[in-house]
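Reader: I'd like to learn how to read a structure like this one. Could you walk me through some features?

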Amino acid sequence: MATISLRHNPQVNTTTQQRGVISEEIQGLIRVHKNGHVERPPIVPNVSCKVASERGVTARDVIINRETNLWARIYVPVSCQSKVPLLVYFHGGGFCVGSASWSCYHEFLTNLASKANCVIVSVDYHLAPENRIPSAYDDGFNVLMWVKREALNGCSSVQNWWMSRCNFSCMFLAGDSAGANIAYNVTTTRLRSTILNPLSLKGVILIQPFFGGEERTCSEKNSHQPPNSALTLSVSDTYWRLALPLGATRDHPYCNPLASMAKLRDLRLPSIMVCVSEMDILKDRNLEFSNTLARAGKRVETFVYKGVGHAFQVLHNYQLSHPRTQEMISHIRNFLNQ
C-alpha cells in the first residue's frame, strides 16, 4: 500500500496566470480561476476497473446516466455463496476533488468488499465548484433510483452479474469525508418520502464525516496537523467556499446538521455508524454529531481510531494506518451483519 502525499498550501492567489486571475487554490489539488476555469492536477492516479486484484473481487464500471455522465464502479466478491449486503459508497475530496477511479479508493473498496463480504457500488458524482451541492446529493439519489429500477427488472437485467449477489433488503449508504456528508444528506433530504421497495435501507456508515459550522470546535482550533495531513482548517474552509450554494455560510444545513435541533429530533433514521479519527480536525465535531444523535434517541455506534488522522484508510499517511484500517473494516463488517 503506497502512501499518497497531499502536501498542500491553500491560498487565494491574485497573481495573473496563463488563464487569468486565480480566485481559489488548494495547492496540488484544485485551482479555480476567476473566469470559472477549474484545474485539478492528477495528484492521485486513476486506475482501470480491470486492475488485477489478489483479493478475489471483480470490479466493473457501469453507466448510470449517459446524458449527465453519471457512473459507478461496482465491486463483487467472487467467493460469496449466498446473497450479501449492498453498500452504496461515496468517495471523499471536499466535494471538489476525487473520483471512483482514484487508485486509493479502488484499493480500499476492493479490500472492503473482500473482507466485509459485500457488493459495493462506488458513485462517481459531479464535483464542485462546477456543480455545487446539492448536485452530489441529487446524483446519490439518482443512483439509488437506478438500482431500484434495475432490481425490479429481476433476472432479465443486464446488471444481473452483480445484482444476483445482492440482498436488497440489506442496503447501506456509506462514504468518507465529503462522501459521508453525501450519504447522510441523501438519507435525510432525499429518502424521507421515497418508496425504495424492493430496496431496504438498514444503515448509514459515516467515516470522518465532513461537517462544519461558523463556530470553531477545539480540535479545529488546536489540532496540530502534520505536513501530509489530508485536511487542515484552511483547506476545509476553501472546500466549503467552493461547494456550498453561493451566499451560504457554514451554518447551512448541508454543512452543519446540528444547526436545527428540532429537525434533527424529528428525523427518522436507520442505524448510524460514525468513524472518528483521533488526530482529525473534525474529531470534536464528529463526536458532537454522534452524541447529539444518541441524545435524540437515534441508534448510533461510534468508533474512535487512535493515532491516525483524516482519510488515513485511503491515504496510508500515518504509521498506524494499516492496523487501524483493518480495525475499521472489521467494525464495518460487524455493522453490516448485525
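Reader: Let's start with one residue. Where does arginine 190 lie?

Author: Arginine 190 lies in the loop between helix H4 (178-189) and S10. Helices (H or I, at least four residues) and strands (E, at least two) are DSSP runs, numbered from the N terminus. Before we go on, this is a predicted model, where local features need pLDDT of at least 70, side-chain atom pairs count only at pLDDT 80 or more, and totals for chains, interfaces and linings use all residues. Residues are numbered from 1 along each chain as its sequence is written, and side-chain values use heavy atoms, with hydrogens and water left out.

Reader: Is arginine 190 buried or exposed?

Author: Buried means under 20% relative accessible area, exposed over 50%, and partly exposed in between (1.4 Å probe, protein chains only). Arginine 190 has a relative accessible area of 19%, so arginine 190 is buried.

Reader: Which residues is arginine 190 in contact with, leaving aside neighbours within four places in sequence?

Author: Contact means heavy atoms within 4.5 Å. With those neighbours set aside, arginine 190 is in contact with Pro134, Tyr137, Asp138, Phe141 and Asn185.

Reader: On to charges. How many salt bridges does a search of the whole structure find?

Author: Side chains of opposite charge can pair when their charged atoms come close. The cut-off used for a salt bridge is a side-chain nitrogen of Lys or Arg within 4 Å of a carboxyl oxygen of Asp or Glu. Searching the whole structure turns up 11 salt bridges. In one of them, arginine 40 pairs with glutamate 130, with the closest N and O atoms 2.7 Å apart. Arginine 40 sits in the loop between strand S4 (38-39) and strand S5 (57-65), and glutamate 130 in the loop between strand S8 (119-124) and helix H2 (135-153), so the pair ties together parts that are 90 residues apart in sequence. Arginine 40 is partly exposed at 30% relative accessibility, and glutamate 130 is partly exposed at 43%.

Reader: Which residues do salt bridges with shared partners join into one network?

Author: Let's build up to that. Aspartate 237 and arginine 216 meet in a salt bridge (2.7 Å, N to O). This pair links distant parts of the chain, with aspartate 237 in helix H6 (residues 233-243) and arginine 216 in the loop between strand S10 (201-207) and helix H5 (218-222), 21 residues apart. Aspartate 237 counts as buried at 13% relative accessibility, while arginine 216 is partly exposed at 27%. Arginine 250 and aspartate 237 also meet in a salt bridge (3.8 Å, N to O). Here arginine 250 comes from the loop between H6 and helix H7 (261-266), 13 residues from aspartate 237. At 16% relative accessibility, arginine 250 counts as buried. Salt bridges with shared partners join Glu214, Arg216, Asp237 and Arg250 into one network.

Reader: And helix packing? At what angle do the axes of helix H1 and helix H10 cross?

Author: Two packed helices are described by the angle between their axes and the distance between the axes. Axes are lines fitted to C-alpha atoms, for helices over the stretch in contact, and angles run from 0 to 180 degrees between N-to-C directions. The axes of H1 (residues 103-116) and H10 (residues 321-336) cross at roughly 50° and come within 9 Å. That makes H1 oblique to H10 (under 35 degrees is roughly parallel, over 145 roughly antiparallel, 65 to 115 roughly perpendicular, and the rest oblique).
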